[in-house]
Amino acid sequence: MSQRANTSPDLDCDFDRVAVEDVSRHFGRRRAVSHVSFLGSSGTIVGLLGPNGAGKSTLLALLATILRASSGAIRYGAIESKDAPAALRERIGVLGHDLFLYPELTARENLVFFAGLYGNDNADGAARAALDRAGLADRADDPVSSFSRGMRQRVALERALIHGPRLLLLDEPFTGLDETSAAALIGRLRGLRDSGAIVILATHDLDLAEGLLDQAVFLRDGRRVETVSHPEGLRSTYRSIVFGASQP
Amino acid sequence: MMRVAWLIVRKDLTVEVRSREIAYTTLFFAVSCVLVFAFALVRDGRAPEDGAAGILWIAVMLAGNLTLGRTFERERQSETLRALLLGPAPRAAVYVGKLLGILALLIGAEVALVPLVALLFQARLLAHPLWLSAILVSGTVGFAAVGTLFAAMLVRARSRDVLLPVLLYPMTVPVIIAGVRGTAALMQPDLEVGVVQFWLALLLCFDAVFVTLALWTFEAVMTD
Amino acid sequence: MPKWFLPLALVCGLMFAASPLVIASADYESTMGLVQKIFYYHMPSAWMFLISAIVCGVSSVRFLVTGDHRHDRTALAAAELTVLFGLITLVTGPLWARRAWGTFWVWDARTTSSLVSWMISWAYLILRRYGGPGSENLAAGLAIFGTANVAFIYVSVNYWRTIHPATTVVPKLPFSMGFPLWFCVAAFTLLFVLLLKLRVRVEEQQARVDELYLSLDDFGR
């Protein structure tokens, strides 16, 4: 991504890998994530796959620094998440399930606001470029509440990327997308990967994830069951790994 | 940090101007409050002594409670509060931004309320406008400073609508005492400046202490 | 339980059992007679109320700063004791006032500000009970605010009162800081320490059970 926010060099927290090391997180007695480890390097797309309640969203929240791990560590390059300065958040972009958009504001206003939030001096220019990339330049001045789910997703993705993050976290990004939008998203993610970003996405949609992932981390009940590099035949792999134990 | 706070204020104002939801509902609620008090307390066309001061402040606090709830409820839909906290600015900037927005709304409501209360209760509220503004603004800052922190804290909690007043009202007792007493002192025929100054000083101290405390504890309280 | 708990609990029980006798042996106060003796329970419980509130506030600060859950447990236990001792104070006070001065409640500066602080500690417990998961941090914030507020509450209530003098004036009683008072203070302090320890231990056990429960997970791998 060419747009970079204005940061002084000593505050630049760029990293080339994110390492999840034996991370657990519990809520009272419920273990949401249990001793999960994996590594995401620059220029890869990592998929977190698993049934509902497997801990995918929790893991993404931990990676986004919204949650603190109960045990274990997450390292962004050399920086550990516990000691991470606020500037680290500049390198992380999140596309959550709830899209993080203000429905009363227009697409342009949303993007300008978030660009400004991330310290971009040329917020208007950044927003314009983002709208062009999303193909929404003609609807730029309509309130987001009037958009379809797919269009909102596109704006939300641009919002997540507007500050040129190194690490992109996506929670169920294909929900509610039609084929064209999904294909566009996949193309976009591939482009990001090729430019050196680390993309970690959680999804149920195995067909769409097919061929997209460089690494697949299978989760069940908060635990990492298996990690497969360059997975093929995702659906059958998923079934055998995640449900393998229950089959006779 | 102030840059980010200012961005948030502008954003909130834009959203508010579009929908005008919170402004209208706050104002309407405050006015209804005052009317209810009028029906309850005015007898034979005469208002109780000093009643106006109390009524004004109670209406402000009740309306303020609603405003706080609504403002953060809005951020809760689409989880935008999370998005704000994910930004690289110090998280206290989110607090400051929200605080300023809420202050603007409440002070706007007060501008409408003061003449209304003065009219309905035949109170000499506008006798000393500068002192009154000072007391109103510093009291509102105190109330909003504590309220913004609590409302932000409660965004992800259960029973948040009921918990906000439960937490907020005991904590802002000094504000209501100082505010009401200060305002009442302003309505006396012969103004005792010393009394008004005392209450104003108390309010300003309260504001200083609690805004500082809120800035210190905001990040710790909002992280899970 | 630590070794000192049981013996101290015994001592505390004995002291409370003996306290009526000790109090009865104290001098009769001239104006109020027998009723004044309630003071020997009222004053120590007021002090314990204050001390519990301070312990809660300090533990909350330590919890927010370090994130160590031991401080959170102490804060919770101290908050409960604040409510308990506050209740004793706020009940014994009016009972005394009724007999001594004719009314249950005088809007006295100290009484009123105690009531407000007591309500804040109630709010703390309500928040912890009904706030859902993650309410420990929120409650700690509330406790810190509450502690900082004590001075403001007192000053504002005090000044509010003096400009509207009560119909019955609360006299400043000349107390002889005699043996019965210190005896009761010691008994109440002991009670406070024991109850705090007991309550913290209950929370500790709860946390250990949760931990064991969670670690069961690890055996299934």
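Mentor: Helices (H or I, at least four residues) and strands (E, at least two) are DSSP runs, numbered from the N terminus. This is a predicted model, in which local features need pLDDT of at least 70 and side-chain atom pairs count only at pLDDT 80 or more, while totals for chains, interfaces and linings use all residues. Residues are numbered from 1 along each chain as its sequence is written, with chains lettered from A and ligands numbered from 1 in the order in which they are written.

Trainee: How many helices and strands does chain A have?

Mentor: Counted as such runs, the elements of chain A come to seven helices and ten strands.

Trainee: Why is chain A described as being as compact as a globular protein of that length?

Mentor: The radius of gyration is taken over C-alpha atoms, and the globule rule is 2.2 Å times the number of residues to the power 0.38. For 248 residues the rule gives 18 Å, and chain A is as compact as a globular protein of that length because its own radius of gyration is close to that, at 18 Å.

Trainee: At what angle do α4 and α5 of chain A pack?

Mentor: Axes are lines fitted to C-alpha atoms, for helices over the stretch in contact, and angles run from 0 to 180 degrees between N-to-C directions. Helix α4 (residues 149–161) of chain A and helix α5 (residues 179–194) of chain A have axes 11 Å apart, and their packing angle is about 15°. That makes α4(A), relative to α5(A), roughly parallel, a term for angles under 35 degrees.

Trainee: Which residues of α5(A) meet α4(A)?

Mentor: Two residues are in contact if their C-beta atoms, placed from the backbone, lie within 7 Å. From α4(A), A:Gly150, A:Gln153, A:Arg154 and A:Leu157 meet, in α5(A), A:Ser181, A:Leu185 and A:Arg188.

Technical notes:
Parallel < 35°, antiparallel > 145°, perpendicular 65-115°, else oblique.
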